[in-house]
Amino acid sequence: MLKDRIILITGKGGVGRTVICAALSKVLSEKADVLLCDMGAPEGGHSPLARIFGRDNFTAGPQKIAPGLLACHLTPAVGHEAFLRKSIPGGALLGAALKSSALQTFMQTAPSFAEMGWFYHLLMLIKERAPGSNEPRYRHIIVDLPATGHALALTGLPTLLKRMIKRGPVASALLEGESYLNSDYFCHSYVVTLPEELPVSESLELVGGLKATNVPVGGIIMNRLVESTLSAKELAALDEKLAKTPEILGRYELTRLRQSGRSRARLTAECPELPLIIIHDFATDGPLLVNDVADELREVLL
Ligand SMILES: Nc1ncnc2c1ncn2[C@@H]1O[C@H](COP(=O)(O)OP(=O)(O)O)[C@@H](O)[C@H]1O
Ligand SMILES: [Mg+2]
């Protein structure tokens with residue numbers, strides 16, 4: 001992650017992608033400029049990622065939210081407009097095109113069109129240069145990708161569309177995007193999962209899906225792991241006690257503890273080639289939780 005230019009955080013809904021993105025952006029921005037990209041549709045008018053930083057939403061253009069940290073909201077419309085501006089010569093035609101309701105309807109319903117807009121918006125940010133230099137404007141770009149299906153629609157875009165569109169400005173944008181997103185040098189995706197059976201199965205499928213769309217996978221982040229210092233003997237004694245007194249507190253925790261251990265062992269066995277980053281379950285939430293997760297990430301990364 002310290003070397004990655006582009007970091008795509010994926011995983012199924014509710015596993016902690018947003019919390020991880022916020023924490024990671026804090027840690028990485030202590031050393032270099034970071035751009036944090038939100039993609040979600042606002043929930044009840046606000047973005048959960050922006051809320052962590054005390055705002056309702058991020059703007060389409062990058063805005064400074066902390067020292068070394070900028071944030072923005074990726075939207076298809078910004079990508080579409082920028083793409084059209086670059087591809088259609090002359091302002092009058094472009095203005096008419098963007099105002100056309102037939103074109104708007106087409107843009108909203110055409111397959112992959114939304115993804116294409118997101119993709120192009122991201123591509124513009126990747127290519128941004130620092131003022132007066134040829135260096136990239138952002139050392140790291142962290143993207144809080146939508147849940148699994150949408151994420152794969154986005155990462156699979158170049159491969160899918162390249163087969164249909166061979167030449168012209170769309171084809172060149174796809175090729176350019178591919179040269180970043182499918183390159184082990186520039187980009188890694190990370191799959192976030194919970195230490196439970198079904199999420200682990202789904203995360204293994206997602207790793208396969210990402211590889212199939214040619215996006216390099218950098219690792220798996222197992223979030224909300226629970227561990228204890230109890231010995232095997234003590235755990236057996238607890239089991240015995242619980243068997244005799246069904247209403248005793250702690251049954252749920254013990255089950256989670258065992259699930260955590262099993263899930264971690266399974267991921268290590270089935271994905272031995274991928275780094276596994278462990279984040280523990282914290283009792284905090286909101287910005288305090290993000291600080292706890294950032295402290296743990298800092299220890300792993302630095
Ligand atoms: N390590 C953690 N410890 C405790 N709670 C967590 C942790 N990570 C995430 N959560 C909680 O899990 C919920 C889902 O997290 P969120 O980041 O919004 O998931 P996602 O973006 O994947 O949908 C939130 O309520 C968040 O506070
Ligand atoms: Mg989220």
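Helices (H or I, at least four residues) and strands (E, at least two) are taken here as DSSP runs, numbered from the N terminus. The model is predicted, so that local features need pLDDT of at least 70 and side-chain atom pairs count only at pLDDT 80 or more, whereas totals for chains, interfaces and linings use all residues. Residues are numbered from 1 along each chain as its sequence is written, and chains are lettered from A and ligands numbered from 1 in the order in which they are written.

**Exercise 1. Determine how helix α3 is oriented against helix α6, and which residues make the contact.**

Step 1. Axes are lines fitted to C-alpha atoms, for helices over the stretch in contact, and angles run from 0 to 180 degrees between N-to-C directions. On that basis α3 (residues 76–87) and α6 (residues 113–127) pack at about 75°, and their axes are 7 Å apart.

Step 2. Angles under 35 degrees count as roughly parallel, over 145 as roughly antiparallel, 65 to 115 as roughly perpendicular and the rest as oblique; α3 and α6 are therefore roughly perpendicular to each other.

Step 3. With contact taken to mean that the C-beta atoms of two residues, placed from the backbone, lie within 7 Å, α3 contributes P76, A77, V78, G79, H80, A82 and F83, and α6 contributes A114, M116, G117, W118, F119, Y120, H121 and M124.

Step 4. Ala, Val, Leu, Ile, Met, Phe, Trp, Tyr, Cys and Pro count as nonpolar, Asp, Glu, Lys and Arg as charged, and the others, Gly among them, as polar. The contact of α3 with α6 then holds eleven nonpolar, four polar and no charged residues.

**Exercise 2. Classify the packing of α8 with α9 and that of α10 with α12, including the handedness of each crossing.**

Step 1. Helix α8 (residues 157–164) packs against helix α9 (residues 169–181) at about 150°, the axes being 10 Å apart, and the two are therefore roughly antiparallel.

Step 2. A crossing is left-handed if the near helix is turned anticlockwise from the far one by less than a right angle, and right-handed if clockwise; that of α8 and α9 is left-handed. P158, L161 and K162 of α8 and V170, A171, L174, G177 and E178 of α9 make this contact, which by class has five nonpolar, one polar and two charged residues.

Step 3. For helix α10 (residues 197–212) and helix α12 (residues 251–270), the axes come within 10 Å and cross at roughly 20°, which makes α10 roughly parallel to α12. Their crossing is right-handed.

Step 4. Here E197, V200 and L204 in α10 meet Q259, S263, R266, L267 and E270 in α12, a contact of three nonpolar, two polar and three charged residues.
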